[in-house]
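This report describes one protein chain for a reader who is new to structures. Keep the sequence and the 3D view open while reading.

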Amino acid sequence: MLKASYAANGVMPWKLLGQPYLRDGKVVPLHLQLWPTARCNAACSWCTSKDIDRKQELFIGEIIELLRHFAKLGTQAVTVAGGGEPTLHHDFATIARYINNYGMKLGLVTNGLNLKNVAAAVGGDCDWCRVSVIEAYRGHLDRIVELSELLPQTDFSLSFTVPDDVDLDFALSVAQLAEKSPHISGVKFVQDLYAQDNDAIDQLAGQLDGFTKAFINSPVSGRGSKDCWVSLIRPMVGPDGYVYPCCGVSLAQEPSRRLPEALRMCHWREYVKPEPFNGSACRRCLYGNYNEFIGYAMNPPKHLEFV
């Protein structure tokens, strides 16, 4: 169940089984993706937000307001991530505290370079943390172990983007690190979605046999659905204050490496009882399984007893 626990796209949405994601016939935004800032302290070649406006950032007062807003809508968890590095937000510790104050669980996606500066303030408030293994860790994997030990109460995992020119030795060393570290739950190897012909992911997969804490995540993409239920169950608020249907919008049309205005749903203040986003505009959708699963719940088939 490693992949089902640490991946959303490319897997069946098993986590929805038994979840109260419907209220009065409407889909509840159980999981909010929050991008508080576009500022970043890295320059990864495969970054899906490489061309985002790096000056965009939400003020802390507005963030507290939007967290209260989504908590009232039924949100149970918030993943703080971003087209930038979320821990660079000056009030990151305050963001974490308010997420917990409003009764929601906190997840964090980070490159880890600034994690030492916020770990003490976040403490046990973070339920899970995923560190993206970037070029800065080459030859310094011990730093990742140190980071994992900073948050002993947090489910700590790794992700590694596999470009077409991947250094397989570096990738395998990350898998080995996760395998032997008691503080690291696992490592997700993610295909570079901008690579045209990524044979590297297949080469790596062939060398991961025997690893119990590593898996390949190669999202299956297809055209978007007219009723994009993902936009209701796990919407994303960007550093511009707008709600987007998912965190993969930069890939949905022509790869833009920024947040496309055409795929905005509304400003977060207007997100009250939204209708599903019309995903027909998306040439590429990474959450087809979610849309199919929730679609059946909204329009169940007949003869349910005949399983």
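Does H303 count as buried or exposed? At 58% relative accessibility, H303 counts as exposed, where exposed means over 50% relative accessible area, buried means under 20%, and partly exposed lies in between (1.4 Å probe, protein chains only).

## Basis of the report

This is a predicted model, in which local features need pLDDT of at least 70 and side-chain atom pairs count only at pLDDT 80 or more, while totals for chains, interfaces and linings use all residues. Residues are numbered from 1 along each chain as its sequence is written, and side-chain values use heavy atoms, with hydrogens and water left out.

## The whole protein

The protein has 9 helices and 12 strands; these are DSSP runs numbered from the N terminus, with helices being H or I of at least four residues and strands being E of at least two. Its radius of gyration is 19 Å, close to the 19 Å that the globule rule gives for 307 residues, so the protein is as compact as a globular protein of that length. The radius is taken over C-alpha atoms, and the rule is 2.2 Å times the number of residues to the power 0.38. Along the principal axes, the C-alpha atoms fill a box of roughly 50 × 45 × 40 Å.

Of the 307 residues, 52% count as buried. Contact means heavy atoms within 4.5 Å. Among contacts with a separation of 6 or more, 74% are between residues 24 or more positions apart. The protein exposes about 14500 Å², and carbon and sulfur atoms supply 49% of that area, as given by the Shrake-Rupley method with a 1.4 Å probe.

## Helix α4

Helix α4 spans residues 115-122, and L115, V118, A119 and V122 in this helix are buried. Seen down the axis of α4, the buried residues fall within an arc of 125°, so they line one face of the helix. The arc is that of the directions from the helix axis to the C-beta atoms. An α-helix has 3.6 residues a turn, so residues three or four places apart point the same way.

On the other side of α4, K116, N117 and A120 are exposed. The buried residues of α4 pack against α3 (92-101), β5 (105-110), β6 (126-132), α5 (142-150) and β7 (155-162). After α4 comes G123, whose phi is positive, near 55°.

In α5, the residues I144, L147 and S148 are buried. They cover an arc of only 100° around the axis, which puts them on the same side of α5. The partners of the buried residues of α5 are α4, β7, α6 (168-180) and β8 (184-191).

I95 is found in helix α3. At 1% relative accessibility, I95 counts as buried. Which residues does I95 touch, not counting those up to four places away in sequence? They are L34, P36, I60, I63, L67, V80 and H89. I95 and I63 are 32 residues apart in sequence, and their C-alpha atoms are 7.3 Å apart in space.

## Two residues with positive phi

Most residues other than glycine have a negative phi. D24 has a positive phi, near 55°, and lies in the loop between β1 (22-23) and β2 (26-27). D24 is exposed, with a relative accessible area of 78%.

H303 also has a positive phi, near 60°. H303 lies in the segment after α9 (288-298).
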